[in-house]
Amino acid sequence: MRTLLHAPRTRKRSIAAATLGALALVGSLLVATPAQAINDTGTGGVFVPASGRVLDTKVGTGGFSTPMEAGKYRTIKIAGVAGIPDDGTVGAVSLNATVSGSADNGILYGRPDADTSRTTMLIYNDNAGEYVSNTAIVAVSAAGTIQVSTETAARLILDVQGYYTANTDGTAAGGFVPVAGKRIVDTRSGLGAPKALLAPGKSVDIQVTGANGVPAGASGAVVNLLPINSTASDGYLTPYATGTARPDNALHYAPSVNTSIQAQVQLSSSGKMTIYNGSSTINLVIDLQGYFTKAGVTGATFTPGIGRVFDSRATGNTILAKNETRAIPVAGQAGVPVMGSGITAVVLTLTAAHGGSDGRASVWANGTTQPDTTSINFQTDEIRTNTVTVALGTNGKINLNNVADATNYVIDVQGWYTNPAAPTVTCDGAYTPGSWSSTYPANAISCHYSVAPAFRSDLQLVVSNNGIAVWGTSLDETASSTGDFLLDTTGGINLVSAAIVDETDAVVAESSFSFGLGDWGSADLTTMPEQGSLVNADDVTLSVAPTGDAFEGDTKFKYTVTANPDGLSTPIVESGWQADSWTVPSGQLEAGRTYYWNVVVEGKSGESRAQVHRESPLSTFNTDPTPVDTELTTSDGQVVTAPAGELNSTSAASSTSAKQSYEQEIYTSWTDKYGYRVYLRNGVYFNKIVAKHNGTLKIVQRATQYADSRGNPNATTYQYDTTFYKTYRGKIENIAHYRTIVNRNKDRIDGKPRGVVTGYCRQAGKAQYCPNWLKKAV
């Protein structure tokens with residue numbers, strides 16, 4: 001028997017493993033040696049049970065009717081078959097792989113596509129007529145396919161057990177909850193099932209929920225099936241939800257030995273699974289490793305990964321002695337997240353390499369009591385694999401116990417489950433959750449954040465106020481992140497949200513709190529242009545603000561302009577209800593005349609949330625008989641020129657439905673005041689700048705030419721603040737404050753900076769709006 005278990009092959013380039021429009025599973029499979037990570041990161045997904053055969057090379061299922069060719073990959077369609085959707089929502093597939101008819105032993109490999117690293121799905125033998133099965137989870141490519149390869153010519157069967165959504169919005173099943181290894185069935189003793197042999201063609205129903213630490217309503221279970229076969233014939237097991245049609249799925253076991261085969265099994269509405277036995281007579285043992293919650297119930301989500309965390313044959317390691325228990329670090333190894341990141345369990349391929357005798361091994365969380373369970377069974381000098389899902393100890397380690405003569409073991413990563421804690425944000429002074437301050441702050445307020453280590457490299461912390469992203473930073477994968485930042489506020493209720501998001505803006509974890517500010521209903525109203533101002537008849541923008549306070553976001557305004565000194569009768573033009581300032585339509589006013597105007601303001605104000613109706617004092621402006629061009633100047637006195645190259649909401653809306661590869665592409669770039677290159681990307685970045693914040697490309701570019709807060713909030717996230725002044729004949733007509741935030745960390749796809757995160761107007765009480773004059777002028 002030749003020695004197997006080669007070093008994993010390396011990838012060609014970084015790619016997207018599955019595309020979901022605005023929500024995507026993104027692969028980043030790094031070049032690796034056996035001791036390094038080859039990590040396929042992606043948006044965590046929930047498990048959805050499904051069943052069906054996607055490949056059988058003997059009968060043509062899956063498009064192939066000849067044995068696998070040694071060393072050659074075949075592409076297998078996954079999306080759209082076996083109950084798996086073909087809408088881009090599949091991130092990974094759980095498969096039962098079965099190999100037979102090989103003239104030699106070998107390894108079955110799987111990968112999403114030719115640009116990603118391979119993972120070990122199964123090691124098979126050359127025993128004549130014997131079928132070898134194992135469960136494996138493989139990331140699905142953007143095309144909805146996977147690729148598989150065997151080292152020798154062989155028959156290959158792939159049966160679906162379920163799939164993982166490429167985001168956490170699964171409509172069936174839910175997140176994963178690990179269970180400390182627990183034996184729930186043993187037909188030798190009558191535990192959980194009748195005390196009797198299971199004959200060929202017979203089934204046994206197993207109650208899983210309501211006991212064993214599994215709550216009612218759980219949608220699925222992860223179990224290790226151990227058929228104890230004392231006969232000379234092999235056989236197979238088919239697990240499925242009780243009361244449903246039995247699928248073709250076949251988990252094969254060997255003759256005259258004990259076999260371990262993990263399965264992810266859907267449960268019936270009453271929490272039961274059925275195990276069907278074919279071909280042989282066995283005793284059946286079932287060990288529980290965890291369960292999947294029902295739809296909408298919190299649980300850990302899955303991220304596929306590829307990497308080797310342990311090889312007893314590697315330099316510095318030693319073979320495991322008889323009855324030896326060894327602690328093996330897993331967290332922080334081979335791309336697996338560190339403890340504290342929210343990691344709850346790992347999915348491992350456990351291989352016994354050339355067993356020193358007939359035997360078995362058990363795996364469990366370090367620092368906990370050894371359970372009476374089995375993770376793998378093997379024979380002397382045999383190579384066997386089994387998939388194991390196991391919780392980690394608080395130190396990030398697992399225990400491996402060898403119940404055999406000295407045997408080598410190899411442990412590879414298939415992925416992990418995470419349930420990260422939500423970040424926390426607190427603010428100084430009176431700005432505590434549920435508080436209300438009637439005094440509006442003159443400046444942005446000081447706040448602080450704390451967030452656990454990231455479980456993936458693409459995660460960021462984004463702080464929003466009333467739905468507007470006002471600050472963000474990348475997260476550390478090795479340690480908790482803490483720091484300070486300045487929060488722009490609005491009048492009224494400020495709903496502050498701190499969210500961990502991935503590069504597609506999918507929210508991984510989130511917390512929020514709110515506080516209230518101001519009482520504009522009792523503040524003096526100041527109008528612009530100032531009383532008696534000289535303005536261009538074709539460029540008049542009217543606005544109002546509460547002195548020392550701020551309007552709330554849903555406040556509305558109705559402007560009236562007349563030539564009569566009473567300011568009310570025979571209006572020339574009325575605005576109707578507006579969200580903020582209003583620009584009088586061109587052609588409505590004549591040059592060289594005096595006009596009178598006021599504004600009605602309606603909205604909630606103060607802690608009482610009383611509805612307020614107010615009218616501003618009567619104001620006047622004079623139209624210039626010989627108008628000149630209106631100018632825009634910035635805070636350092638430079639004149640802003642005529643508009644060009646504006647982006648509009650139509651382009652933003654269409655871009656957000658584009659594919660992930662397009663969303664990450666660079667739309668344009670320019671140089672900021674420090675000579676640094678600023679990048680603007682497509683997709684969600686357009687959406688943030690245009691559709692939500694009403695900024696244009698020119699405004700964002702202009703803002704990066706002026707003062708930034710280089711020490712706030714950190715070394716890689718920069719805030720550029722610019723004040724725009726609308727002036728006419730040297731007199732200020734209106735003012736707008738604009739902020740652009742740029743992230744200078746490298747993007748995982750192309751290695752260039754991630755670029756503009758957000759841009760928004762931030763004048764008091766109008767953070768969600770940019771004045772019409774600014775939108776039109778720049």
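Contact is defined here as heavy atoms within 4.5 Å. The structure is a predicted model, in which local features need pLDDT of at least 70 and side-chain atom pairs count only at pLDDT 80 or more, while totals for chains, interfaces and linings use all residues. Residues are numbered from 1 along each chain as its sequence is written, and side-chain values use heavy atoms, with hydrogens and water left out.

A nonpolar core is a set of buried Ala, Val, Leu, Ile, Met, Phe, Trp, Tyr and Cys residues joined through side-chain atoms within 4.5 Å, where buried means under 20% relative accessible area (1.4 Å probe, protein chains only). The largest such core comprises 55 residues, and L400 and L487 have the most contacts inside it. Strand 20 (residues 343-353) gives the most to this core, with 5 residues; strands are DSSP runs (E, at least two residues) numbered from the N terminus. When neighbours within four places in sequence are left aside, L487 is in contact with C427, A444, I445, C447, V463, N465, V470, V496 and F515. Another core, of 29 residues, lies apart from it and includes V48, L55, M121 and V160.

Strand 3 (residues 74-77) is joined to strand 8 (residues 145-150) in the antiparallel sense over 4 bridges, with I76 opposite I146. Strand 5 (residues 106-111) pairs with strand 6 over 5 bridges, also in the antiparallel sense, and G106 stands opposite Y124.

Key:
Two strands pair if DSSP finds at least two bridges between them. Buried means under 20% relative accessible area, exposed over 50%, partly exposed in between (1.4 Å probe, protein chains only).
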